[in-house]
Amino acid sequence: MPVVKIAFITKGNNNYLKYSENGISGMHKTIGQINERIRDGSARVVTAEEMPVIVADLGEEGALQEVDVVTTGTFGAMCSSGAFLNFGHAEPPIRMERIWLNNVEAYGGLAAVDTFIGATQQSDTLEAEYGGAHVIEDLVAGKTVELRASSHGTDCYPRRTLTTELALENLNQAIMCNPRNAYQRYNAATNSTDRVLNTYMGTLLPNSGNISYSGSGLLNPISNDPGFRLIGSGAPIFLCGAPGIVIGEGTQHSPAGGFGTLMVTGDLKQMSQDYLRAATMSGYGVTMYVGLGIPLPVLDLDVVRATAVRDEDISVEIMDYGIPSRNRPALRRVSYAELRSGSVELNGEEVRTSSLSSFRRARQVAGELKRWVENGKMTLSLPTRPIDPKKQAKPMYQSKKSPRVLEIMDRKVTSIGEDEEITTAAKKLLKGETNHLPVINSEKVLVGIVTTFDISKAVANPGKAHLVRDIMKKKVVTTTPDESVDIAIQKLEKNNISALPVIDKGSHVAGILTAMNLGKLVGGRWLK
């Protein structure tokens, strides 16, 4: 039988339970003790940014004696966010089937006068300039929004259309419910291609011209409780300036790889525009910036160690978003400390970094939450249901694979050598079988492309150009047999071209993909 000795020790007005088992000593507090100190105003509360310094100065046991609560904070783009709204019944009543708020469509598949508006839903009229996130921010800011609804009408809900102006105070309930918030961390993003990419990680410059990252690092709630001992269903939180709670794990929750998420909720009527902002990602769409913080009770040495995390301890991969695949290549691993320094070495060069999220605002969230706890506005509780800390998110199961270029490309390709005469190219094009000639060298490797327009221009304006190499386009946009047709379509759209040479691993021409091929696949969409 283990020998257990228990004793109370006192430091100032605080009592701590000290125990020893078979010579191994330890110390812990209860959630009840911490809440009692919060209520009587004696609790020592610090932010997650302050905690590593305290642990370094006092040691782990000293920090446990000194600190009762650590507050965390994050402020970043949270696309998986939205709000449930109840409008009350109209006269005569209507069962709303199609619903718009300021021309942003909301979900109509609930009860008669309930809806859910998602942050990323775009306006029917303004598109990406205004969306669900803007509607939510407008309501929180005290503005009125236009509600427009339609219905087919029933015996008990005879009304068929409705238009009215509403403010937040006119709603019975306005409950923010965000399926995926508080991302533990994000991989950083760069772009190896030769063109600008617009992504959910912001604008990525060509040739790895910048590195974009997001997240609050050492302030992030989950980074301070990666084992989900303290964070789980029912845990109190700060959500956009209002008290809220954790519902449970968020969608895409994948803590096994360091990418945990939370599903959270709070009362929109108590929220502040200071911690909730709508935004538009250029070339991507609408999103909503959400301020979220969680107070963590310092119960024992394990909590002390977890909340002493530093930016240097949190690492992510720099992913190449130039590869349009779920499995993008990782270029190198870096810490949040390196990312926040302003530049990172990549491929032998210093590349500047920039954050999509606001560390300054995350610090404000943690600071405001600290004041809440110090003033007794929020007490703490342990989860009523735990969150799985070992879960790994799975990719989508696809019963049918996306069509590949190989399946629709023309395998019979007319090409021309770079040293052949322009007149020879003209004769090949006059046969009418193609408008594009891939240009190859003596080793049959693709080196350029010429089109009917290039040849026509050269023939109409004879000069020094006599060979195909003199007029060909050397920068050729290509595809491969195994590439998804969707990606090939995007290449055609982005580059405003109508054909892609299909090349193998040795850059030999294996086929050509044209707008005609795609037209057959997607019902004439490319035959405009």
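Me: How many salt bridges does the structure hold?
Reply: This is a predicted model, in which local features need pLDDT of at least 70, side-chain atom pairs count only at pLDDT 80 or more, and totals for chains, interfaces and linings use all residues. Residues are numbered from 1 along each chain as its sequence is written, and side-chain values use heavy atoms, with hydrogens and water left out. A salt bridge is a side-chain nitrogen of Lys or Arg within 4 Å of a carboxyl oxygen of Asp or Glu. The number of salt bridges in the structure is 25.

Me: Which residue meets D68 in a salt bridge?
Reply: The N to O distance of this salt bridge is 3.1 Å. The pair links distant parts of the chain, 39 residues apart: D68 is in the loop between α2 (51-66) and β5 (69-71), and its partner is in the loop between β3 (24-28) and α1 (31-40). Helices (H or I, at least four residues) and strands (E, at least two) are DSSP runs, numbered from the N terminus. The partner of D68 is K29.

Me: Are D68 and K29 buried or exposed?
Reply: Buried means under 20% relative accessible area, exposed over 50%, and partly exposed in between (1.4 Å probe, protein chains only). By that cut-off, both D68 and K29 are buried.
The two also belong to a wider group.

Me: How far apart are the closest N and O atoms of E60 and R305?
Reply: E60 is in helix α2 and R305 in helix α4 (residues 301-307), 245 residues apart. E60 is partly exposed because its relative accessibility is 33%, and R305 is partly exposed at 42%. The closest N and O atoms of this salt bridge are apart by 2.9 Å.

Me: Which residue forms a salt bridge with E317?
Reply: The closest N and O atoms are 2.8 Å apart. E317 is in strand β26 (residues 315-320) and its partner in strand β27 (residues 330-335), 16 residues apart.

Me: How are α7 and α8 oriented to each other?
Reply: The axes of helix α7 (residues 422-430) and helix α8 (residues 452-460) come within 10 Å and cross at roughly 130°. Axes are lines fitted to C-alpha atoms, for helices over the stretch in contact, with angles from 0 to 180 degrees between N-to-C directions. Angles under 35 degrees count as roughly parallel, over 145 as roughly antiparallel, 65 to 115 as roughly perpendicular and the rest as oblique. The two helices, α7 and α8, are therefore oblique.

Me: What is the C-alpha to C-alpha distance between S507 and T480?
Reply: S507 is in the loop between β33 (499-503) and β34 (509-514). S507 is partly exposed, because its relative accessibility is 28%. S507 and T480 are 27 residues apart in sequence, and in space the C-alpha to C-alpha distance is 9.4 Å.

Me: How far apart in space are Q398 and R469, C-alpha to C-alpha?
Reply: Q398 lies in the loop between α6 (359-374) and β30 (416-417). With a relative accessible area of 45%, Q398 is partly exposed. Q398 and R469 are 71 residues apart in sequence, and their C-alpha atoms are apart by 45 Å.
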